[in-house]
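Please keep the sequence and the structure in view while you read.

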Amino acid sequence: MPRGRTTFNKRQKEQARQQAQRDKAERKNQRKQEKPEGEVGEVDEMREMRELAEAQAALFNIGTEE
């Protein structure tokens, strides 16, 4: 028995909905994986900035008692 046009449309719509749901879950998982890396990067960036500030202070003899 052949399927009617409305059944085909409903099936296509449901498949599109399921695919969108899978895509959304995949993007969410990617963001979760990237988030810890970003936090570590921020800590590394702060440490690097602090080291550069210390080096610059040493160049200008700031913070040394004479």
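## Terms and model

A residue is called buried when its relative accessible area is under 20%, exposed when that area is over 50%, and partly exposed in between, with a 1.4 Å probe and protein chains only. This is a predicted model, in which local features need pLDDT of at least 70 and side-chain atom pairs count only at pLDDT 80 or more, while totals for chains, interfaces and linings use all residues. Residues are numbered from 1 along each chain as its sequence is written, and side-chain values use heavy atoms, with hydrogens and water left out.

## Fold and surface

The chain has 1 helix and 0 strands, where helices (H or I, at least four residues) and strands (E, at least two) are DSSP runs numbered from the N terminus. Of the 66 residues in the chain, 0% are buried. The chain exposes about 6,800 Å², of which carbon and sulfur atoms supply 52%; such areas come from the Shrake-Rupley method with a 1.4 Å probe.

## Salt bridges

Side chains of opposite charge can pair when their charged atoms come close. The structure holds 2 salt bridges, each defined as a side-chain nitrogen of Lys or Arg within 4 Å of a carboxyl oxygen of Asp or Glu.

In one of them, the side chains of E14 and R17 meet at 2.6 Å, N to O, and both residues lie in helix α1 (residues 5-59), 3 residues apart, about one turn of the helix. E14 is partly exposed at 32% relative accessible area, and R17 is partly exposed at 43%.

R47 and D44 also meet in a salt bridge, at 3.3 Å, N to O, and they too lie in helix α1, 3 residues apart. R47 counts as partly exposed because its relative accessibility is 43%, and D44 counts as partly exposed at 34%.
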